[in-house]
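Please read the following explanation with the sequence and the three-dimensional structure side by side.

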Amino acid sequence: MKFVIGDIHGEITKLKQLVGNIERYPVDRLIFIGDCLDKGENSKETLKFLHELSGQYQCDFILGDHEYAWLKFIKSGEYREFILRYGGKATMRDFGILKLDPQHASQKIYSPFKDFFTRLKKYVILDSYVVSHSGINPIFIDDKNWEKLDEKEFIFQRNLFIEVNRLADGKRFIFGHTAFVDPWYDGYKIAIDTGAVYSKLASLTAFEIEKEFFIDSSGLRRNLVDFDISVRPDIIHEGRDDKNKE
């Protein structure tokens, strides 16, 4: 069975709880939708656990905007303000980084987890699904050359993609990035970022693509066919409580 796991943001306790629930099933592949670090409980322990899981299962790691920002910063010093504003201070704490500079970040974050960072993908196609961090820029949804697109087209999408009401070459998107209070399915796409980092009560969510069901860190299982596609859950707006996550 193949499970796509939503935005973790360093929530290591919820990640372990979710994986424990997933392992009740015959797992053969785990796909992580990006934003594994920043904001939450402990990003360093999260990356360690992901490394352990990659030794047990086939794992795919999708590029999120937070991984993208760290990689850009380490390479060229770009995205410094993004990192400081959107939860990077928590990652600095977890890795013992006192001053944010590219060389130090490379030594502390990139080098120990080089395998993770070099394996990041823009998207993964699985059966009748496309998995990417934030969907895709809608102007490219019918493009046949996604590999040639810039990474940004898959990691920074939000409102325009949320309004998309067509399939991509017959495939539905599974995406994260935009945090909803509940999983969302509208017949065309599936959102699995349920804001685990924003509240102690919020769960980390995964979606199994063969049997088509959601399972979360609390142990709740829900089938896709039971969702009302006319109902969109509320969005948890980025920035509402980011000050508590840095």
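An axis is a line fitted to C-alpha atoms, for helices over the stretch in contact, and angles run from 0 to 180 degrees between N-to-C directions. Helices (H or I, at least four residues) and strands (E, at least two) are DSSP runs, numbered from the N terminus. The model is a predicted one, in which local features need pLDDT of at least 70 and side-chain atom pairs count only at pLDDT 80 or more, while totals for chains, interfaces and linings use all residues. Residues are numbered from 1 along each chain as its sequence is written, and side-chain values use heavy atoms, with hydrogens and water left out.

Two packed helices are described by the angle between their axes and the distance between the axes. The axes of α2 and helix α5 (residues 88-95) come within 7 Å and cross at roughly 75 degrees. Angles under 35 degrees count as roughly parallel, over 145 as roughly antiparallel, 65 to 115 as roughly perpendicular and the rest as oblique. Helix α2 is therefore roughly perpendicular to α5. Contact between elements means heavy atoms within 4.5 Å. Here S43, K44 and L47 of α2 meet T91, D94 and F95 of α5.

Helix α3 (residues 65-76) packs against helix α6 (residues 102-110) at an angle of about 130 degrees, and their axes are 7 Å apart. That angle makes α3 oblique to α6. On the α3 side the contact is made by W70, L71, F73 and I74, and on the α6 side by P102, A105, S106, I109 and Y110. The crossing of α3 and α6 is left-handed; a crossing is left-handed if the near helix is turned anticlockwise from the far one by less than a right angle, and right-handed if clockwise.

The sheets come next. Strands of a sheet pair through backbone hydrogen bonds, either parallel or antiparallel. Two strands are taken to pair if DSSP finds at least two bridges between them. An open sheet of 6 strands has the order β3-β2-β1-β9-β10-β11, and its pairing is mixed. Its edge strands, each pairing on one side only, are β3 (58-61) and β11 (221-223). From one strand to the next, the twist averages 20 degrees. Helix α1 (residues 12-22) packs on this sheet and touches β1, β2 (29-32), β9 and β10 (213-216), its direction making about 135 degrees with that of β10. Helix α2 (residues 43-54) lies across β2 and β3 and runs at about 140 degrees to β3.

With strand β9 (residues 205-208) it runs antiparallel, joined by 3 bridges. In that pairing V4 stands opposite F207, and I5 stands opposite A206. With β2, strand β1 runs parallel, joined by 4 bridges. The bridge partner of K2 in β2 is R29. The chain crosses from β1 through α1 to β2, and this β-α-β crossover is right-handed: with the strands pointing away from the viewer, the path from the first strand over the helix to the second runs clockwise.

In a regular strand the side chains alternate between the two faces of the sheet. In β1, K2 and V4 point one way and F3 and I5 the other way, and all are buried. Buried means under 20% relative accessible area, exposed over 50%, and partly exposed in between (1.4 Å probe, protein chains only). Strand β5 (residues 129-132) can be read likewise: Y129 and V131 point one way, V130 and S132 the other way, and all are buried.

Strand β5 runs antiparallel to strand β4 (residues 123-126), to which 4 bridges join it, and Y123 has S132 as its bridge partner in β5. Strand β5 also runs parallel to strand β6 (residues 172-175), with 3 bridges, and in β6 the bridge partner of Y129 is R172.

Most residues other than glycine have a negative phi, and most peptide bonds are trans. In the hairpin of β4 and β5, which has 2 residues between the strands, D127 takes a positive phi near 55 degrees. K39, which is not a glycine, has a positive phi of about 80 degrees and lies in the loop between β2 and α2. D169 has a positive phi near 55 degrees and lies in the loop between α9 (159-162) and β6.
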